[in-house]
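The following note sets out numbered points for a colleague who is about to examine this model. Please read the points beside the sequence and the coordinates.

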Amino acid sequence: KEDVFVALDIDNLGRMNREGKNKHKSADRALEEFVRFHISELTRRFGYTARLGRLSKAGDEFVIIIPNTTQDEVNEFFQEIEGRRLEAMKKIVDEEELPTDIKAGRVVVGLRPSDSFDSAYGRADEILMKEKREKREPQTEMEVA
């Protein structure tokens, strides 16, 4: 078991801000529901109340730290909740006339003993940006032995 660091980056938030029925208010509502859903699911699965924090002024990046688990368990969790998240977010998408579903890129990395928040975030962000450029499914960080 290890402590796991998850970086989430909301897809198309700028587009939601521009094209939603109520512009920024619509996108803000999408963000609030996205966070509320994940806190509920994280609590149910991992047994504690989670807090997701915005990392960017744009508000589209979040970090979750999940102690005493594995990267595989965390990736399985996100795969399991994907359908429920889309269904839960559908109401907001419809009501706010958002131009896209509410989805997020995801990177899961294990916290190293020498990690600070900034170093873990830097590693995760580098992988996330690479994935966005390559438009592939996020990958779990692989340790080289």
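1. Glu 19 touches Glu 97 and Pro 99, leaving aside residues up to four places away in sequence; contact here means heavy atoms within 4.5 Å. Glu 19 and Pro 99 are 80 residues apart in sequence, yet their C-alpha atoms are 6.4 Å apart in space. Glu 19 belongs to helix H1 and is partly exposed, at 40% relative accessibility. For accessibility, buried means under 20% relative accessible area, exposed over 50%, and partly exposed in between (1.4 Å probe, protein chains only).

2. The model is predicted: local features need pLDDT of at least 70, side-chain atom pairs count only at pLDDT 80 or more, and totals for chains, interfaces and linings use all residues. Residues are numbered from 1 along each chain as its sequence is written, and side-chain values use heavy atoms, with hydrogens and water left out. The pLDDT, the predictor's confidence in each residue on a scale from 0 to 100, averages 86 for the protein, and 86% of the residues score at least 70. Confidence is highest in H3, at 95, and lowest in strand E2 (residues 53-54), at a mean of 60. Where pLDDT is low, the predicted coordinates should not be read in detail.

3. The protein has four helices and four strands, arranged along the sequence as β-α-α-β-β-α-β-α. Helices (H or I, at least four residues) and strands (E, at least two) are DSSP runs, numbered from the N terminus. Of the contacts with a separation of 6 or more, 70% are between residues 24 or more positions apart. Buried residues make up 42% of the 145 residues.

4. Which residues other than glycine deserve a check of phi for a positive value? Lys 23 has a phi near 50°; this residue lies in the loop between helix H1 (13-19) and helix H2 (24-46) and is partly exposed, with a relative accessible area of 43%. Glu 97, in the loop between helix H3 (71-95) and strand E4 (104-110), has a positive phi of about 50° as well. Most residues other than glycine have a negative phi.

5. Is Ser 26 buried or exposed? Ser 26, in helix H2, is buried, with 0% relative accessibility. A polar atom of the Ser 26 side chain lies 2.8 Å from the backbone nitrogen of Asn 22. Beyond four places in sequence, Ser 26 touches Gly 20, Lys 21, Glu 96 and Leu 98.

6. The whole structure contains five aromatic pairs. Rings of Phe, Tyr and Trp (its six-membered ring) pair if their centres lie within 6.5 Å; planes under 30 degrees apart count as stacked, over 60 as edge-to-face and the rest as tilted. Phe 5 and Phe 117 form an edge-to-face pair, 5.6 Å centre to centre with 65° between the planes. Phe 5 is in strand E1 (residues 2-10) and Phe 117 in helix H4 (residues 117-134), so this pair ties together parts 112 residues apart in sequence. Phe 5 is buried, at 1% relative accessible area, whereas Phe 117 is partly exposed, at 39%. The rings of Phe 46 and Phe 77 are also edge-to-face, because their planes are at 65°, with centres 5.4 Å apart. That pair links helix H2, which holds Phe 46, to helix H3, which holds Phe 77, across 31 residues of sequence.

7. Phe 5, Phe 117 and Tyr 121 form one aromatic cluster. The charged end of Arg 45 sits over the ring of Phe 46, 5.6 Å from its centre; the criterion is NZ of Lys or CZ of Arg within 6 Å of the ring centre and within 35 degrees of the ring normal.

8. A nonpolar core is a set of buried Ala, Val, Leu, Ile, Met, Phe, Trp, Tyr and Cys residues joined through side-chain atoms within 4.5 Å. The largest has 28 residues, of which Val 6 and Ile 102 touch the most other members. E1, H1, H2, strand E3 (61-69), H3 and E4 each supply at least two residues of this core, and H2 gives the largest share, eight residues. Beyond its neighbours within four places in sequence, Ile 102 contacts residues including Met 16, Phe 34, Leu 86 and Val 93. A second, separate core of nine residues includes Val 107, Val 109, Tyr 121 and Ala 124.

Technical notes
A polar contact is a pair of N or O atoms within 3.5 Å; within protein, one must be able to donate a hydrogen and the other to accept it, and residues adjacent in sequence count only if both atoms are side-chain atoms.
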